[in-house]
Amino acid sequence: MPVERYSKDHEWIRVEDGIATVGITDHAQQQLGDIVFVEVPEPGRQAKQGEPVAVVESVKAASDVFAPVSGEVIEANAEIATQPALVNEDAQGKAWFFKLKISNAAELDTLMDEATYLEFVKQSS
Amino acid sequence: MSAETTAEQPLRRTPLYQLHLDLGAKMVPFAGYEMPVNYRLGVLKEHLHTRTKAGLFDVSHMGQAFLVGADHATTAKALETLMPADLLNLAPGQQRYSQLLNEEGGIIDDLMLTRPASALDHGRLFLVVNASRQEVDYAHLRAHLPAGVNLEPATERALLALQGPTALEVIKALSPAAASLAFMTGADVRLGGIDCHVSRSGYTGEDGFEISVASARAAELALLLLDHDGVEPIGLGARDSLRLEAGLCLYGHDIDETTSPVEAGLAWSIQKRRRGDAGFPGARRILDELANGARRRRVGIRPDGRAPAREGTEILALLGERLGVVTSGGFGPSVNAPIAMGYVPQGRAAAGTPVNLMVRGKALGASVAPLPFVPHRYAR
């Protein structure tokens, strides 16, 4: 069973066998609006928790996507780089940003489960 | 510091505030107002809709005012001491774009001026100024206008803009007189029984109209226009991307008190007569720039890749020399690519000149591009 967690910066992370798949939440894509540009990290990059590793831009503004936990980038989603609108269509599915090989699993405990995240979104809106 | 002294001014609301909420707008603070950044369609679709059909914009945050003197010549001459446009020869109903200038020829604000068509309005000029500059402009005007020429802010008025290729047929159905207006002219007309001042102008590069109306009737007028097929409400997000594609300046970004009209590529708005009389602030600098070229020029910029270059992005020569900065930048939905404007030295301003843009620490290739990015489709 994969473990799913959420960050305060509106990333989701799905963990299976020590590999984390990361993307931005459906709430985040709604807030950003029409996404026109995505930059994903190069595989091999070492990312620290909270470090900006990807970029997502709407017509109006650019936002960073942060590594929700530390690890090595092992794969990036080339499809969203060529089709940024996919992030609006399927933020928590096909439009994942990158995969990390987790270096410190304890960091997962700093993240929220789905119910807590949804409450967090409700409180902050 | 106490909370009382640091508290922000409460945001103001336009007469269409409730309508924006009813239409599902996302409201954001802008120039002291709570304004719709987009509605349910979203910025991208709103932008494209305006280029193919018609978009209705609430621009009531802009400052509307009358300048009132004994007769047209008195009012026009008084204002000509503060800006480089020929106002004396404005025909009744004619509208003109100009800039309030400081003594150094820098732009205090850019604005639209209309000489009312009605003979009853003899001696009046109608001004529309930027929301963010309204207080500065009014103070400047009051400080410099001679006795007998007065500034009368038109409070209790809303301003709507209907823009796009089908705006004409919408207006035609309501007022044939308004539909027959030439580009950059205005008239008092009734739209659906509502008294309005309509001009054939706008800020999108498309054909369209700007409609000044009493605040009390603004929502009624907006609903009347929205009731037409093909008219959608459009927020400030698309207004910004539309004007950027059209190569139009946004005050505080592309122009400010340090930029001259010549640097900004606005020399077309300085009529010949004024170049001759040189009777406007900063004339020495501006006439020198007209004769010998300005030190820097506002240019269009097309990044080679897909990454947008936002305001503040440094523009570098290929060898690394710093040329200037991006003053407006983003994604152009109709161009379907990133676009930007910024300032570079005169010698680097030719279309096609390769440059680099420093985006997130990386030099990205780009080139100087002609403006506008999307051809203007004004009704000429």
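## Basis of the description

A residue is called buried if 20 or more other C-beta atoms lie within 10 Å of its own, exposed if 12 or fewer, and partly exposed in between, with C-beta atoms placed from the backbone. The structure is a predicted model, in which local features need pLDDT of at least 70 and side-chain atom pairs count only at pLDDT 80 or more, whereas totals for chains, interfaces and linings use all residues. Residues are numbered from 1 along each chain as its sequence is written, and chains are lettered from A and ligands numbered from 1 in the order in which they are written.

## Confidence

The model scores ipTM 0.89 and pTM 0.95. Over residues 1–7 of chain B, pLDDT stays under 50, and the model has one contact beyond four places in sequence for them. Two residues are in contact if their C-beta atoms, placed from the backbone, lie within 7 Å.

## Overall form of chain B

Chain B contains 11 helices and 19 strands; helices (H or I, at least four residues) and strands (E, at least two) are DSSP runs, numbered from the N terminus. Its C-alpha atoms fill a box of roughly 60 × 55 × 50 Å along the principal axes. The radius of gyration of chain B is 21 Å, which agrees with the value near 21 Å for a compact globule of 380 residues; the radius is taken over C-alpha atoms, and the globule rule is 2.2 Å times the number of residues to the power 0.38.

Of the 380 residues of chain B, 48% count as buried. Among contacts in chain B between residues at least 6 apart in sequence, 66% join residues at least 24 apart.

In α3(B), the buried residues are V43(B), L44(B), E46(B), H47(B), T50(B) and R51(B). Their cover includes β2 (33–38), β3 (54–58), β9 (157–163), β13 (231–233) and α9 of chain B.

Chain B is divided into domain 1 (3–60 + 156–245) and domain 2 (295–380), with bounds from an automatic or database domain assignment. The domain centres, taken over C-alpha atoms, are 29 Å apart. Domain 1 of chain B gives 13 residues to the contact and domain 2 of chain B gives 16 residues. On the domain 1 side, α3 and α9 of chain B each supply at least two residues, and α3(B) gives the most, with four residues.

## Contact between the chains

The contact takes 14 residues from chain B and 10 residues from chain A. On the side of chain B, the elements that give two or more residues are α3 (43–52), α9 (236–245) and β16 (322–332). By class, this side has six nonpolar, five polar and three charged residues. Ala, Val, Leu, Ile, Met, Phe, Trp, Tyr, Cys and Pro count as nonpolar, Asp, Glu, Lys and Arg as charged, and the others, Gly among them, as polar.

## Strands of chain A

Strands β1 (residues 3–6) and β2 (residues 11–16) of chain A run antiparallel and are joined by four bridges; two strands pair if DSSP finds at least two bridges between them. E4(A) stands opposite R14(A) in β2(A). Four residues lie between the strands of this hairpin, in which H10(A) takes a positive phi near 70°.

β2(A) also pairs in the antiparallel sense with strand β3 (residues 19–24) of chain A, over six bridges. Here V15(A) stands opposite A20(A) in β3(A). The hairpin of β2(A) and β3(A) has two residues between the strands, and D17(A) in the turn has a positive phi of about 55°.

Technical notes: pLDDT is the predictor's confidence in each residue, from 0 to 100.
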